[in-house]
Amino acid sequence: MSEENLEMDKYLFHQGTHYNAYNFMGAHVTEEGVRFITWAPNARHVQLACNYNDYSGEGFDFERLGDQGLWILTTSRVGVGDTYKYKIHFEDGHHLKSDPFGSYHERRPATASIVHEDDFEFTDDEWMSKRRSSNVYESPISIYEMHLGTWMKHPVEETEGMTIDEITDASHFSYREVADHLIPYLQELEYTHVEFLPLMEHPFDLSWGYQVTGYFSATSRYGKPEDLKYLINRLHEAGIGVIMDFVPAHFCKDAHGLRLFDGSPTYEHPDEKIAEKKEWGTLTFDYGRPEVQSFLVSSAMYWIREFHIDGLRIDAVHSMIDLNFENHEPDSKIYNEKGTEENIAGIELLKKLNAVAFDYDETLLMMAEDSSDKAMITHPIHEGGLGFNFKWDLGWMHDRLDYMEQDFYARAQNHNKLTFSMAYKYNENYLLPLSHDEVVHGKKAIVDKMTGDQWQKFAQTRLLYGNQFTEPGKQLLFMGQEFGMYHEWKDKEQVDWHLLDYPVHVDLKRYVSNLNRFYRKHPEFHGWDYRPEGFRWLLVDDSTHSILSYVRKYKDSFKVCVFNYRPEVYHDFRIPVPEPGVYREIFNSDRDIYSGSGVLNDGRHFTTDEHYVRESQFIQITVAPLAFQVFELEDKTKGRK
């Protein structure tokens, strides 16, 4: 590294604008040996504690790199594969820390960083080229959300003498192994994308990766960084996009991690009232500190640039933008210098993150998981927005699931839960999630949330998914829900694959596969998701029958969707339609191949030329019980008086 480049790296890092700081910070193999650079502004001295000095730090002393807290050491006595930590000396003592910029770490419960190089070469040029020429708003995006460690496991028969961690690790599929099972499964189900719960290094399995210690390190639970690149490359070659959860909202307090890195608040906010996330037992980043900005934005760009990730789902955005996210006591509220409760630094960090990401590639998927009521989350930054291009619609998710838990007799009084989401639909670019958060910790699995007997539960699950796939917005479904797990996600065991020995579960899986295919084939269900002209209500207020109907449109074509949220069959039921002619049914969730009752609409349905509800004509159909049905205009020339 030339002196000129070194000075520029230092300048950008301290300005908060070094967006590939991972090429500068951390451990890098050079011609002179391994160069280590870390940031510890309050440190009096820094040493390299490694396998050559029994982690004492002796004989490996850093020098100051400037006067703003950077430290540097280059040594030929350490090489690829060696383990290390930083021994940080400060006024009151010293401690050992893993490398915040480390690219590989020991498998937990060990916590040292590892000097690592990989020479993996991606062969996904065709995918990357196709992605960069796409319009993400008009493209079909159907996401399979999964936790890699519990999607599928090896059986472990001999466990005598093994620790819990050793048994868990023996059961894990590696990044490379899972590729051979996951890719054909996703292809069978016809998902466009897979989203992984965080794959960054983390100490505690049951945090699911949401409490991170290695923001630049693929977790070693499943292999090396190049093994994860192999998995992503294989997914891309199979035509499947990859999204990963990213967690800039907080970090864990484990001793080897970022907490009090140099003996003082370094990465966390110095004000304890702001730093502490008491409900989660974690710490909030100091978003206003330039070096922390370089750290977090570089981490996001590391996964995008170096791992070819197609998008990031930013976790817990609400907690980043609200100073009183967990504080409900009026007397202890925190306010910013403007007298509001906004975390201005957190908001600016998110804007910077999105600006940098979209400057690199405007076709990335930057998704906000946000439970706040803040407006303009997905609006451009120059218009006053946060700059995301998608936001999870948590309101849609909660309303739908609350409604489907209601007894059938109570649904008339709760009909607005089916319609309210359209009142705010075009305020943001929404994604409709049925995520891991809703099928864990006593919330029950999707099928088990439904009211009624077993047949009714599965029928309503199909109905729910039909609504999810056809209401404006992209969609996401968590693993195991595609075939109707009875148990919620157990987060220690694999998905209940044995259920696929039973027809009703096989049939639901077939339904999800066919629904994905249907969704991808017909642009009416994805082409104008974010344009009001892509949707129109046909029946919206029929709470008596608990029936909804709407049109999805794209350019000159449209589809008519009908939803029945009661177990009754309705014959000769009038559905208003936007144009006269002949209609036919092209999709029905009540087909017997889906374990439905087989109430279908065979043949042709001529419009009657008479004003009905809000259209100038209607068709008469048989409405199947607890079913989702789609009709298309087959012939415009024929109707009847």
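**View 1. Pro 109 lies in the loop that runs between β7 (93–97) and β8 (113–114).** Strands (E, at least two residues) and helices (H or I, at least four) are DSSP runs, numbered from the N terminus. The model is predicted: local features need pLDDT of at least 70, side-chain atom pairs count only at pLDDT 80 or more, and totals for chains, interfaces and linings use all residues. Residues are numbered from 1 along each chain as its sequence is written, and side-chain values use heavy atoms, with hydrogens and water left out. The peptide bond from Arg 108 to Pro 109 is cis, with omega near 15°.

**View 2. Ala 316 sits in the loop between β17 (311–314) and α9 (317–321).** Although Ala 316 is not a glycine, its phi is positive, at about 55°. Most residues other than glycine have a negative phi, and most peptide bonds are trans.

**View 3. The largest cavity has a volume of about 80 Å³.** A cavity is a set of points, on a 1 Å grid over the protein atoms alone, where a 1.4 Å probe fits but cannot get out; lining residues have an atom within 4 Å of a point. Grid points are joined across faces, edges and corners, and the volume is the space filled by probe spheres set on the points. The structure holds 2 cavities of 30 Å³ or more. Residues lining the largest cavity include Arg 108, Ala 110, His 202 and His 256. This lining divides into 2 nonpolar, 6 polar and 3 charged residues. Ala, Val, Leu, Ile, Met, Phe, Trp, Tyr, Cys and Pro count as nonpolar, Asp, Glu, Lys and Arg as charged, and the others, Gly among them, as polar.

**View 4. The second largest cavity has a volume of about 50 Å³.** Among its lining residues are Thr 150, Phe 478, Trp 489 and Val 495. By class, 5 residues of this lining are nonpolar, 2 polar and 2 charged.

**View 5. Four strands form an open sheet in the order β1-β2-β5-β4, with antiparallel pairing.** Two strands pair if DSSP finds at least two bridges between them. The edge strands, β1 (26–30) and β4 (63–64), each pair on one side only. Strands β2 (residues 33–39) and β5 (residues 70–75) pair in the antiparallel sense over 6 bridges. Leu 73 in β5 is the bridge partner of Phe 36.

Definitions and conventions: On a 1 Å grid over the protein atoms alone, a cavity is a set of points where a 1.4 Å probe fits but cannot get out, and a pocket is an open set with protein on both sides within 12 Å along at least five of seven lines; lining residues have an atom within 4 Å of a point.
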